[in-house]
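I opened this entry to look at how the chains touch. I then turned to a sheet and a helix.

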Amino acid sequence: MSNLLDIENLWVKFPTRNGIFDAVRGVSFSLGKERLGIVGESGSGKSMTGRAILRLIRSPGMVTADKLDLEGVDLLGRSEKEMRGVRGKQISMIMQDPKFSLNPVMRVGQQISEAYRLHAKVSKSEAKRKSIEMLEAVAIRDPERVYNMYPHEVSGGMGQRIMIAMMLIPDPKIMIADEPTSALDVSVQMQVLEIMDKLVKDRGMGLIFISHDLNLVSSFCDRVLIMYAGRVVETLAADKLHEAQHPYTQGLLNSLPRLDAPKDRLQVLQRDPAWADEPSVSA
Amino acid sequence: MSEILIEDLNVWFGEYEERVDAVKGASLSVSKGGSFGLVGESGSGKSTILRAIMGLAPTWDGRMEVSGEPLGPKRSRTFYRKVQMVFQDPYASLHPRHSVDQVLSETLSLHGFKDIDTRITKLLDDVGLGPSFRFRYPHQLSGGQRQRVAIARALAPEPEVLLLDEPTSALDVSVQAEILNLLTDLRDEHSLTYLMVSHDLAVVGHICSDIAVMQLGEIVETLTIDDMRAMRTQHSYTKHLLESSLLGAKLA
């Protein structure tokens, strides 16, 4: 099977006053046409991994890897100009909060057609037609009206769906979703996820789903990587999450309050410093 | 008798054609030492009810009572001692240039306490922070530690009622467990009454014994946690909420 993405020994480092801080420490995984979840607490390096793939880490941050290949072709050696052809067109990323990721002084429709026109040579009217089609695909009612709205006029869930439309319109091969639903309500969350799931499946894309919500990831992805302190401590098939071996994963699962299994006290995660020093598991 | 009693509460913002009714005819009651949860999606008015009790929403009508004291447009000094609020975002609710010591001593002196020094040590101890945290600034604390400071600040005037506005939604699940345990411990120790807002049904289910489900400013259903767990709901919206939050839990 040919992989969409191959990563071996990825490191992300930031120089600080107290020496070099390693945000990601030797992460290896490969991605096919599947849904891969990355879970961890804040500061575990999950978002940094996503950003490193798109080479979005700015100097003085450093990214090194033995291998960072998109369909067998190296990404690290590419120039900024070549990277611009990759971002959006081949790998796109959905950020956490639509409020901060949409341009507040540009109509949402224009933003979507701009994303399309950057990667495809089409006329303005054709881009508009395609954008409205895309808005319809993300289950927005009355897409013609929404096309002419500004980001502050749409709700959070709608904003996130607009982001998804914008990211999918150049038809990328891989989508990285960085906590796409954590700014949304539970009831809207499922709706946005369903839309994302359907579109990813229909187009045969690879998805990297970054989240801190274990239950969400296990119900939505095929495979899960669990990150701790910049390393992958465990990798599991999503439906086998409850069979997790690593104490960190078990601790995370047990610290969740459960609707169906109430208990008086929640288990608190006991951190073992040795977890941070174990070698990273490759997936 | 009920510690918090709300009858037919309306809260609105703006006037004439710009008027938005945030809460419409809400009624609820929380018994002393009990815990009540308000759930619903954003914009359903659950936080507004807390703000109305606190006196942070000036335009309201209806009847509100806290431990037998009817609330008017002006609240007494004892009310502000008795009722305290913990806000959602620990990053935004602490003054960035006040140390933990300043935050707590200001609250204590405003409420006329004399033995401030010993009280601060006791408060920090209560929320599981050692004395070493006393002279730190918010940026030197993690999210969970900040929320502990915010809880210590709320506990400072020895309140009887705590209003909790999504106290753990900005925190990691592992830290959330610590804060939820802390809240249940404190409730037993100080015999507090909680009114809690959250969009996470599992969190509300852990802390509270009764919940009210809100939609578009109205309380559509009030039910006990046992009923909720057994899916004994009348209203379709409650069912929808429960289904979307149980979906993930079932798989784990």
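I count two residues as in contact if their C-beta atoms, placed from the backbone, lie within 7 Å. The model is predicted: local features need pLDDT of at least 70, side-chain atom pairs count only at pLDDT 80 or more, and totals for chains, interfaces and linings use all residues. Residues are numbered from 1 along each chain as its sequence is written, while chains are lettered from A and ligands numbered from 1 in the order in which they are written.

**Contact.** I found 30 residues from chain A and 26 residues from chain B in the contact. On the chain A side, α8 (186–203), α9 (214–220) and α10 (247–254) each give two or more residues. Helices (H or I, at least four residues) and strands (E, at least two) are DSSP runs, numbered from the N terminus. The largest share of that side, five residues, is from α9(A).

**Helix α8(A).** I looked up its burial next. A residue is buried if 20 or more other C-beta atoms, placed from the backbone, lie within 10 Å of its own. Among the buried residues of α8(A) are A:Val186, A:Met190 and A:Leu193. Just after α8(A), A:Gly204 has a positive phi of about 60 degrees.

**Sheet in chain B.** I traced an open sheet of four strands, in the order β2-β1-β4-β5, with antiparallel pairing. β2 (20–31) and β5 (69–70) of chain B each have a single partner strand, so one side of each lacks a neighbour in the sheet. Strands pair if DSSP finds at least two bridges between them. Six bridges join β1 (residues 2–13) to β4 (residues 60–66) in chain B. There, B:Ile6 stands opposite B:Met64.

Technical notes: Buried ≥ 20, exposed ≤ 12 C-beta atoms within 10 Å, placed from the backbone.
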